[in-house]
Amino acid sequence: MDFNMKKLASDAGIFFTRAVQFTEEKFGQAEKTELDAHFENLLARADSTKNWTEKILRQTEVLLQPNPSARVEEFLYEKLDRKVPSRVTNGELLAQYMAEAASELGPTTPYGKTLIKVAEAEKRLGAAERDFIHTASINFLTPLRNFLEGDWKTISKERRLLQNRRLDLDACKARLKKAKAAEAKATVGVLLALCPLALVGAEQELRVAQTEFDRQAEVTRLLLEGISSTHVNHLRCLHEFVESQTTYYAQCYRHMLDLQKQLGRFPGTFVGTTEPASPPLSSTSPTTTAATMPVGPSGAGLAPPGEAALRLEEVAPPASGTRKARVLYDYEAADSSELALLADELITVYSLPGMDPDWLIGERGNKKGKVPVTYLELLS
């Protein structure tokens with residue numbers, strides 16, 4: 001018990017000395033040992049690495065799991081060292097709703113068939129998203145989290161210890177300075193005899209404090225220089241994250257391209273319906289439509305050989321008459337033989353013998369051209 005009390009008193013004395021030294025430094029009443037410029041640069045670099053790693057980690061977590069409640073739940077499971085339960089992705093949930101809707105509204109109707117096709121694609125998208133989240137969490141988030149919870153805690157601990165050693169060193173310097181000032185002022189015999197003893201003791205304490213400070217500074221410096229290795233490791237993890245993200249988006253593109261091709265096999269699905277359905281996914285961008293994701297029948301290569309040479313200005317409506325049609329979606333003409341369309345406008349349409357069934361002749365004022373039937377709702 002006596003030993004513990006002595007240790008407690010000693011620790012309290014050291015804490016008080018450090019507190020006094022720190023306070024005097026803040027008020028400019030005590031000198032402070034400055035670290036060299038290289039050491040200060042290492043400290044600033046380490047702090048910057050820690051701050052940006054935290055921001056990147058948090059935002060990546062938001063990217064992978066936008067739901068804050070779900071992120072809190074996963075965090076609690078990790079802290080309790082328990083396995084995070086499997087969670088249905090938004091795409092998989094949408095696929096489930098679409099499949100149930102198709103079953104109830106009629107799986108043999110055009111709408112029901114399309115719902116089933118889209119549900120299958122959404123399910124594949126959800127599975128791809130699940131794989132991406134799992135891969136990114138292991139290859140990218142885990143290394144960042146390990147740095148913050150492991151290496152950075154060690155660096156912070158050693159930095160605090162270095163700060164204490166510096167306060168002890170500066171306190172010893174202050175005591176030595178006071179001892180030298182007292183020796184210079186001493187005139188009485190007793191005081192003159194005691195001053196050298198106090199001076200020797202202060203010099204001995206200073207040597208010990210300087211040794212401990214130098215040793216701790218070296219340990220801290222080695223840890224701070226290890227930040228370069230951390231950057232190399234994080235660079236490798238970043239490459240793996242980009243690779244997994246590229247794979248994920250490539251899978252999504254393939255799934256959606258397959259879906260569009262499947263939907264394009266059923267021309268005229270929307271013709272004659274009383275309600276407009278969803279537009280083809282790339283109908284608003286002619287560049288994208290032509291280069292990457294064609295969704296409707298293309299005018300090139302689908303018409304009979306004789307139709308390609310047909311001059312539209314010489315075409316007359318058939319004897320059977322014409323029909324009115326409402327345009328469902330905007331359509332950009334691919335060439336001069338086609339008629340550009342604007343959503344919700346009314347045009348006159350008719351078919352000619354031998355024409356591709358996916359196309360009609362459309363008229364708007366004095367303009368005439370081919371139009372795809374999937375963009376129309378026939379009214380009469």
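A salt bridge is taken here as a side-chain nitrogen of Lys or Arg within 4 Å of a carboxyl oxygen of Asp or Glu. The legends below describe a predicted model.

Figure 1. The side chains of Glu92 and Arg130 form a salt bridge, with an N to O distance of 2.5 Å. This pair links distant parts of the chain, as Glu92 belongs to helix α4 (residues 90-105) and Arg130 to helix α5, 38 residues apart. Glu92 counts as buried at 17% relative accessibility, whereas Arg130 is partly exposed, with a relative accessible area of 29%. By the rule given above, the count comes to 15 salt bridges.

Figure 2. Arg221 forms a salt bridge with Glu225, and the closest N and O atoms are 2.6 Å apart. The two residues are four positions apart in helix α6 (residues 189-225), so about one helical turn separates Arg221 from Glu225. Arg221 is partly exposed at 22% relative accessibility, and Glu225 is partly exposed with a relative accessible area of 30%. In helix α7, Arg236 and Glu240 are likewise four residues apart and separated by about one helical turn. Their side chains meet in a salt bridge at 3.2 Å, N to O. Arg236 is partly exposed, with a relative accessible area of 45%; Glu240 counts as partly exposed at 29%.

**Figure 3. Salt-bridge network.** Arg58, Glu61 and Arg145 are linked in a network of salt bridges.

**Figure 4. Aromatic pairs between helices α5 and α7.** Seven aromatic pairs are counted in the model. In one of them, the ring centres of Phe132 and Tyr248 lie 4.9 Å apart and the planes meet at 10 degrees, so the pair is stacked. Phe132 lies in helix α5 (residues 110-185) and Tyr248 in helix α7 (residues 227-264), 116 residues apart, and the pair thus links distant parts of the chain. Both Phe132 and Tyr248 are buried. Phe140 and Phe241 also form a stacked aromatic pair, at 4.8 Å centre to centre with 25 degrees between the planes. That pair likewise links distant parts of the chain, with Phe140 in helix α5 and Phe241 in helix α7, 101 residues apart. Phe140 is buried, with a relative accessible area of 5%, and Phe241 counts as buried at 9% relative accessibility. Phe132, Phe140, Phe241, Tyr248 and Tyr249 form one aromatic cluster.

**Figure 5. Lysine charges over tryptophan rings.** The charged end of Lys55 sits over the ring of Trp52, 4.5 Å from the ring centre. Lys370 lies over the face of Trp359, at 5.7 Å from the ring centre.

Figure 6. Glu377 lies in strand β5 (residues 376-378). Glu377 has a relative accessibility of 7% and therefore counts as buried. The side chain of Glu377 makes a polar contact of 2.7 Å with the side chain of Arg326.

**Figure 7. Context of the close-up views in the whole chain.** The protein chain has nine helices and five strands, in the sequence pattern α-α-α-α-α-α-α-α-α-β-β-β-β-β. Of its 380 residues, 33% are buried. Among contacts between residues at least 6 apart in sequence, 70% join residues at least 24 apart. The chain exposes about 23,700 Å², of which carbon and sulfur atoms supply 59%.

How values were computed
Residues numbered from 1 in each chain as written. Predicted model: local features only at pLDDT ≥ 70, side-chain atom pairs only at ≥ 80, totals over all residues. Heavy atoms only, no water. Phe/Tyr/Trp six-rings, centres within 6.5 Å; stacked < 30°, edge-to-face > 60°. Buried < 20%, exposed > 50% of the residue type's maximum accessible area, 1.4 Å probe, protein only. Lys NZ or Arg CZ within 6 Å of the ring centre and 35° of its normal. Contact = heavy atoms within 4.5 Å. Areas by Shrake-Rupley, 256 points an atom, 1.4 Å probe, with all protein chains shown as cover. Polar contact = N/O pair within 3.5 Å; in protein donor to acceptor, adjacent residues only side chain to side chain.
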